[in-house]
Amino acid sequence: MASPISDIKRMELSEADVHKQNLDEVTKAVSDNKEAILKGIDLLATINKSGTLDMVNAFVKHKEEALENVMGELNKPQYSATLENLSKLFFFAGELNVDEIQYFSEKLNHGMEVASTMEDSEKTSYMELFKALKDPEINRSITMLLKFLRGMGK
Amino acid sequence: MHNQDHILITINGEEFLAEPDQNLLDFINTTGEFVPQICYNESLGPIQTCDTCMVEVDGQIVRACGTYVSPGMQVNTTIDQVNTAQKEALDRITEKHELYCTVCDYNNGSCEIHNTVAAFGMEEQSRPFESKPYDVDQSSPFYRYDPDQCILCGRCVEVCQDVQVNETLLIDWEREKPRVVWDNDVPIDQSSCVSCGQCVTVCPCNALMETEMVGETGYMTNHSPGLLRSMIDLTKKAEPGYGPLFAVSDTEAAMREERIEKTKTVCTYCGVGCTFDVWTKDRKVLKVEPQHDSPANGISSCIKGKFGWDYVNAEERLTKPLIRDGESFVEVEWDQALSYVAKRFSEIKDENGADALGFISSSKATNEESYLMQKLARQAIGTNNIDNCSRYCQSPATKGLFRTVGHGGDSGSIDDIAEAEMVITIGSNTTESHPVLASRIKRSQKLFGQKLYVFDLRKHEMGQRADQFFQPKSGTDLVWLSAVTKYIIDQGWENRTFINKWVNGFEEYKESLSTFTLEYAEKLTGLTKDDLIGIAKQIVRVDKLAICWAMGVTQHQLGSDTSTAISNLLLITGNYMRNGTGAYPLRGHNNVQGCSDFGSMPNFLPGYEEVEDDTARNRYENAWGVKIPNKPGKDNHEMIKAIHDGELHSLYVLGEDTGIVDANINYVTAAFEKLDFFVVQDLFLTETAKYADVILPAAPSLEKEGTFTNTERRIQRLYKALDPLGDSRPDWEIIMNLANRLDYNWKYANPADIMDEAASLAPLFAGVRYDRLTQYNSLQWPVHADGTDTPLLYADGFPFDDHKARLYPLDFELKHDTNETYDLHVNNGRVLEHFHEGNMTYKSTAISSKIPNAFIEVSPELAEERGINEGAKVRLTSESGEVTGLVHITDRVRGKELFIPLNDNGKTAVNYLTNNNVDKDTNTPSYKEIAVKMDVLKQKGKSPLKSNNYRRGNPQPQIGVQVERKWDREDYIFPGSQVKQNG
């Protein structure tokens, strides 16, 4: 004889049991992944030392506000040109011939180095200018500049 | 196929062979050439709205999807003009749809706009996105529509109008900014939408999306709307061309796969056997996605399969075994519960013999679980007292088919029903009980001229759509079927050739029909002689006839005989052995077919071999090392009686709410109270479980592996999408645990092992193996050892010794009627939204918000006679019991017919009214034969049918999306012509 019933007595796990069950589960996971856990601790220690951990923590907690601020700011009209430039710059970079720029920038660097040794009082007369053309270093620079000007005008 | 059947066409200078009349885009897609396409979908065919598939054909720019191949056709897909036209079409799309993929919930690798724009290599759009002046429609609890993201491809309209054929969605092409509208432009929730979700499935982008997906799928999509908007703006500013934008969004989409699992499963509701991918994130079900390759359903689904999964995570789920202790159930560990059950089973067996125990399998559980349950009964206990819920519905159909054609299943596939020239449905509310299958019939009738004749007491949707609708008097289908058959023979219209070659017993059968004259049929059924002659003429006029039937036939005292009469008619007219013909008893539950197939029957071993057949039984005895009783055991109905008679002392019910779904539940639950020991295995504390001594917590389909067999005899695999909740376990594990406690050393590592054993013993499933059933692959039994299956039965003859079918003579006697006291007839059946007693579907708040409880349908004429209005409260009393409920007045029922949805387990549960009468051949309760009297408790009240129920909507039938109306707009220019003008 069994009449219909619907009351259920749940199995009451004591807090200590639940605690122990959870700990067992965690201990097993730690033991199964020892190497990863140790590396993880190392990583945490490193970013903690540099103060990054606090920053990341705060940022994650305030993610929505942070994103809202950043988005709100970046969407203001004054940034629109910057953002567009950013992307244009990105494409511009793709079109540059880096090898040649490197060649030029080396030359420029040399020039600047020497130029920086100039005294304020130093002057150059017309005669000195003509004479200087005979100096092979100066002549190479002038020729290069003239070729550059020709190329740019094409 | 021979070469002469093919035609030669040239694409970009290369010659190809195509099939005559093949769609050009379809063909190009097989050649590896790329042509952009968005509205085209292989399941839907050409819609011609998106204009992206521009190609040049014989010098003209045309839509490839709107063109069919012809001999010598010259096609070019790459010239500049074509490219420009394609680009123009894509520009029009990006004008309507904002590409903010990274923060879009639809960025899951399958967005067809994203993929097309990327594949085309479009770097920039020529014109900016233009917002549309409409709000997002969030009124439905199932899905939402964002007009701003909608590209008006019309796939949703196409699928609603011509695949689901619910005819709710259309595009209003004439307004300034066209949009998709529901009915006559009402919010989704107020429309005739049945929430089948197919529009969402076919939407190529995020315009239509499941509510559960919104804000859930992406790493950056779950933000407040304002923030999301500014992120979209920033995304667009910072990502200048589509190349970089897609690089970022594709990476993000790939990352999503880390946390969203997509698992193939089989629907757990009706017998159609829909398959789909279920998307889960942790335990949350995000979405159900039917596939083009889903064998039974393709891209189709219904509200339950698409959205009815809340029960899996319902807080009412049982997560620990329970043992009755006084007035409470107490949660215990498995060890204790299993030992206790094994001990009690053994004690009862020792004391009263094996036949004092009974076992009931579940049509919700897998084939493997049915197999194990009958093995537990037959091997570990030693009794044939094993049955399943097909006893409540489909056993009579199986009986009728066994008598005549030899296999207890659908003759063919759902494709065959769709292909028939004429479909007759009898006692089947197909649109609500087998929604996806009904859609195939509705489509064939709407688009391809299929004739639909519907026989039912109730003018449900199929009745309303039918070419001819008949309402024969309850329980008299056998009479009109036999009279029509007799008339056909009398006129000499029978299929002589077929009968001579393939059918036995014609003369004897013909003689048995002598009483079924037109006059007799007219008197008993209420159909006129002209009706009957018309039906006969229409049947012989067509070459391919399929007959579908369901509970309106089987749940009568003459259920088996009526099923037999259907098969007789098909034999006389030669409607077997060919595609597009045959008998289709529409199976009600996901695995009601498989549960019987795999042996949970008192008289059958797996594969329908009789327990009385010594050869078959010996095979199992040898394999299992025991003696099996050689006489059939008790069926469900007999078990309940045996409890009352003191013969059955223990019952183990798996996944069945017998105390609600069996007939005359007062009688059934009274039996439960008399049991010595009662084990119930279920997801929930059901009405039945409340009587149990031990309740074992089981896992639903999403939490286990296995196979289900649908109404087409199609065996399909389900994969595990989630872990069992709490300490619940899959049924097969629980049964195995029990067998092992009873000292039978079962060692199944997984369900595949169980299937291997079943296949090795049952010839019907000889070739069934899991590696032949991977993903969307399926097998329709019989399956030969080499893996060949049988989509169409009887193609080479019937499974009798001489390969001939048998006509089976019948007679008729009206078994039930109303009388002076009980003057009303109660019919009952399903509603679309709920399933069975509702243990699963009522757990969905969304579904319950549409239809929170059952109701009583009353005809307008009866309402007037009794002076009641919508929302009245009435009590119905039969000889067995009473129910109370609220009245819904509708002309779906007529005269003194009432209808109660069977999906209720409260005061309106119909089985308080049903009685102990059964089908004389199978003991299936005659649920459909209830006479009641009605007492009015309150004359009017609030309607039980909510204002947001689809039954109150206003469908807008049309064919397809009517793209011509788009083309007729003044602002429409064909991209091909535009190119010419500009070029």
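Okay, quick housekeeping. This is a predicted model, where local features need pLDDT of at least 70 and side-chain atom pairs count only at pLDDT 80 or more, while totals for chains, interfaces and linings use all residues. Residues are numbered from 1 along each chain as its sequence is written, with chains lettered from A and ligands numbered from 1 in the order in which they are written.

Let's start inside. A nonpolar core here is a set of buried Ala, Val, Leu, Ile, Met, Phe, Trp, Tyr and Cys residues joined through C-beta atoms within 7 Å. Buried means 20 or more other C-beta atoms within 10 Å of a residue's own; 12 or fewer is exposed, in between is partly exposed, and C-beta atoms are placed from the backbone. The largest core has 287 residues, and among those touching the most other members are B:Val484 and B:Leu532. Helix H17 of chain B, residues 477–490, gives this core its largest share, eight residues. (Helices are DSSP runs of H or I, at least four residues; strands are E, at least two; both are numbered from the N terminus.)

So who does B:Leu532 touch? Leaving out residues up to four places away in sequence, its contacts include B:Trp480, B:Ala483, B:Val484 and B:Tyr487. Contact means C-beta atoms, placed from the backbone, within 7 Å.

Now the helix pair. H17(B) packs against H23(B), residues 559–572, at about 20°, with axes 9 Å apart. Axes are lines fitted to C-alpha atoms, for helices over the stretch in contact, and angles run from 0 to 180 degrees between N-to-C directions. That angle makes H17(B) roughly parallel to H23(B), the word for anything under 35 degrees. The residues of this contact split into nine nonpolar, four polar and two charged. Nonpolar is Ala, Val, Leu, Ile, Met, Phe, Trp, Tyr, Cys and Pro; charged is Asp, Glu, Lys and Arg; the others, Gly among them, are polar.

Next, B:Ala931, in strand E37 of chain B, residues 930–938. It counts as partly exposed because it has 19 C-beta neighbours inside 10 Å. B:Ala931 and B:Leu824 sit 107 residues apart in sequence, yet 5.5 Å apart in space, C-alpha to C-alpha.

Last stop: chain B meets chain A, with 25 residues from chain B and 22 from chain A. On the chain B side, H6(B) gives the most, seven residues. By class, that side has 13 nonpolar, three polar and nine charged residues.

Definitions and conventions: Two residues are in contact if their C-beta atoms, placed from the backbone, lie within 7 Å. Angles under 35 degrees count as roughly parallel, over 145 as roughly antiparallel, 65 to 115 as roughly perpendicular and the rest as oblique.
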